[in-house]
Every structure is written in structure tokens, then in C-alpha cells.
Amino acid sequence: MIIKGEGHIRIIKRIKNKIKKLFYNKGYDSKLIYNGVEGRAVIPPRKNASTLPRSSPYKRRIIGFIKIIYEVLWKVNNNYSLRWNVGIYFSEIKRMFSEIMRAVKPENIVQEMILEVYFYNEHNKLREGY
């Protein structure tokens, strides 16, 4: 499940102290996300990314580094390939339980997601035993 927009930013702000690194693709290249996690975002900037003062200071640092070196080296230095591990994990959960959340209230949606992750992990433990 991909949450975009204001709801996504609210979630990041609520858990930002627990985030060590936040891996996203270029579609999430925004000042709000960079500032929301205070420099712990690993997001390759878009081709037309701005280094103007109104941009995030964290984002400007990344863009400056990429212009000096290049994007491939930046991705290697920041372990950007780890993002695929998360993508694979959520893809497997969606295949097992579907992408549709049945709950409506935000607190119940979170509870449903936690249960799906729990049952997915339990399923994998059973599969390892054989």
C-alpha cells in the first residue's frame, strides 16, 4: 500500500524518531519528506531537481554531491539497493493478503497491517521448517 500526500507526511512525522534511513524512489522527491526525516532520506533527486535556497538543505547536499560525482556512486554509497528488499517484502504480503484494506478507521487500518505482517512472518517460519 503506497500512501501519498499529506497522510504520508503525517505518518513520517509520527515515527521520524524511529527511522534510521528512509528509502524511496524519485517519485517521493519532495522537500517535505527530506525535512520530515531530517537528512535520513535516501531518495535520488529528479533530473530537474532544484538547488535553490527554498529547497531542503538535506536535498541540496545530495544534489550537490550527485553533480560533483554522479548518481550511481551516490546510490552505492547510500545502499540504495536495499530499497528493493522492502519492496519484495511488501509485494509478497500483498500477494498473500491482497492490496485491499478492509478496515476504514485509521487505527484499524494500522491494526490490520500489523496482523498481516505478523501472519506473513509466521507463515515464513513454518515454511522454513520443511
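**From a loop glycine to the aromatic rings**

A: Gly27 is placed in the loop between β1 (22-23) and α2 (31-36). These labels follow DSSP runs numbered from the N terminus, with helices being H or I runs of at least four residues and strands being E runs of at least two. The model is a predicted one, in which local features need pLDDT of at least 70 and side-chain atom pairs count only at pLDDT 80 or more, while totals for chains, interfaces and linings use all residues. Residues are numbered from 1 along each chain as its sequence is written, and side-chain values use heavy atoms, leaving out hydrogens and water.

Gly27 has a relative accessibility of 41% and counts as partly exposed. Here buried means under 20% relative accessible area and exposed means over 50%, with partly exposed in between, using a 1.4 Å probe and protein chains only. Gly27 and Pro44 are separated by 17 residues in sequence and by 9.1 Å in space, C-alpha to C-alpha.

Next come two helices. Helix α5 covers residues 83-97, has 15 residues and reaches 21 Å from its first C-alpha to its last, close to the 21 Å expected at 1.5 Å a residue. The expected span is 1.5 Å times one less than the number of residues. After α5 comes Ser98, which has a positive phi, near 80°.

Glu116 belongs to helix α6 (residues 106-128). Glu116 is buried and has no salt bridge; Arg102, the nearest side chain of opposite charge, is 4.7 Å away. A salt bridge needs a side-chain nitrogen of Lys or Arg within 4 Å of a carboxyl oxygen of Asp or Glu. In assigning charge, Lys and Arg are positive and Asp and Glu negative, while His and the chain ends are not counted. Setting aside neighbours within four places in sequence, Glu116 is in contact with Ile93 and Phe97, where contact means heavy atoms within 4.5 Å.

The structure holds three aromatic pairs. One of them joins Tyr89 and Phe90 edge-to-face, at 5.8 Å centre to centre and with 85° between the planes. Rings of Phe, Tyr and Trp (its six-membered ring) pair if their centres lie within 6.5 Å; planes under 30 degrees apart are stacked, over 60 edge-to-face, and the rest tilted. Tyr89 is partly exposed at 27% relative accessible area, as is Phe90 at 41%. Tyr118 and Phe119 also pair edge-to-face, at 5.3 Å centre to centre and 70° between the planes. Tyr118 is partly exposed at 45%, and Phe119 is partly exposed at 44%. Tyr89, Phe90 and Tyr120 make up one aromatic cluster.
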